[in-house]
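Colleague: Could you walk me through this one as you would read it yourself? I would like the general idea first and then the case at hand.

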Amino acid sequence: NILRMSVGLLIPIVVGIVMNRYVDTSKLSAFILSVGIYTIVYVLSMWTMAMNAYEKDIVNRFFRKMRRK
């Protein structure tokens with residue numbers, strides 16, 4: 001399970017390194033876009049590769065509760 005989680009972290013790390021190398025984040029708009037892209041990559045990577053069914057259920061219940069309010 002730990003190896004699977006490590007693979008899930010590898011993708012965001014690589015994306016972060018590539019973005020740091022090629023994206024000029026001194027401009028606010030580029031920085032915000034980079035943070036957004038990184039966040040989406042991280043969430044998708046964790047969801048598909050690192051989280052088990054129990055953890056996914058916890059996240060799903062949280063968002064269902066937020067949607068009802």
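Modeller: Gladly. Let's start with a side chain: at 36% relative accessibility, Tyr42 counts as partly exposed. Keep in mind that this is a predicted model.

Colleague: Where does Tyr42 lie relative to Tyr38?

Modeller: The general idea comes first: an α-helix has 3.6 residues a turn, so residues three or four places apart point the same way. Here, Tyr38 and Tyr42 are both in helix H2, separated by four residues, or about one turn of the helix. Tyr38 is partly exposed as well, because its relative accessibility is 29%.

Colleague: And how should I read a pair of rings?

Modeller: A pair of aromatic rings is described by the distance of the centres and the angle of the planes. Searching the whole structure gives two aromatic pairs. In one, the ring centres of Tyr38 and Tyr42 are 6.5 Å apart and the planes meet at 20 degrees, so this pair is stacked.

Colleague: Which geometry do Phe62 and Phe63 show, stacked or edge-to-face?

Modeller: Phe62 and Phe63 are edge-to-face, with 5.2 Å from centre to centre and 70 degrees between the planes. Phe62 counts as partly exposed because its relative accessibility is 45%, while Phe63, at 51%, counts as exposed.

Colleague: Back to H2, then. Which of its residues are buried?

Modeller: The buried residues of H2 are Ala30, Ser34, Ser45, Met46 and Ala50. They pack against helix H1 (2–22) and helix H3 (53–68).

Colleague: Why does Ser45 count as buried?

Modeller: Its relative accessibility is 4%, and the cut-off for buried is under 20%. Beyond its neighbours within four places in sequence, Ser45 touches Gly8, Leu9, Ile11, Pro12 and Ala50. A polar atom of the Ser45 side chain lies 2.3 Å from the backbone oxygen of Gly8.

Colleague: What about the overall fold?

Modeller: The protein has three helices and zero strands, in the order α-α-α along the sequence. Its radius of gyration is 15 Å, well over the 11 Å from the globule rule for 69 residues, so the protein is more spread out than a compact globule. The C-alpha atoms fill a box of roughly 40 × 35 × 10 Å along the principal axes. Buried residues make up 14% of the 69 residues.

Note on methods: Residues numbered from 1 in each chain as written. Predicted model: local features only at pLDDT ≥ 70, side-chain atom pairs only at ≥ 80, totals over all residues. Heavy atoms only, no water. Buried < 20%, exposed > 50% of the residue type's maximum accessible area, 1.4 Å probe, protein only. Polar contact = N/O pair within 3.5 Å; in protein donor to acceptor, adjacent residues only side chain to side chain. Contact = heavy atoms within 4.5 Å. Helix = DSSP H or I, 4+ residues; strand = E, 2+ residues; numbered from the N terminus. Rg over C-alpha atoms; globule rule 2.2 N^0.38 Å. Phe/Tyr/Trp six-rings, centres within 6.5 Å; stacked < 30°, edge-to-face > 60°.
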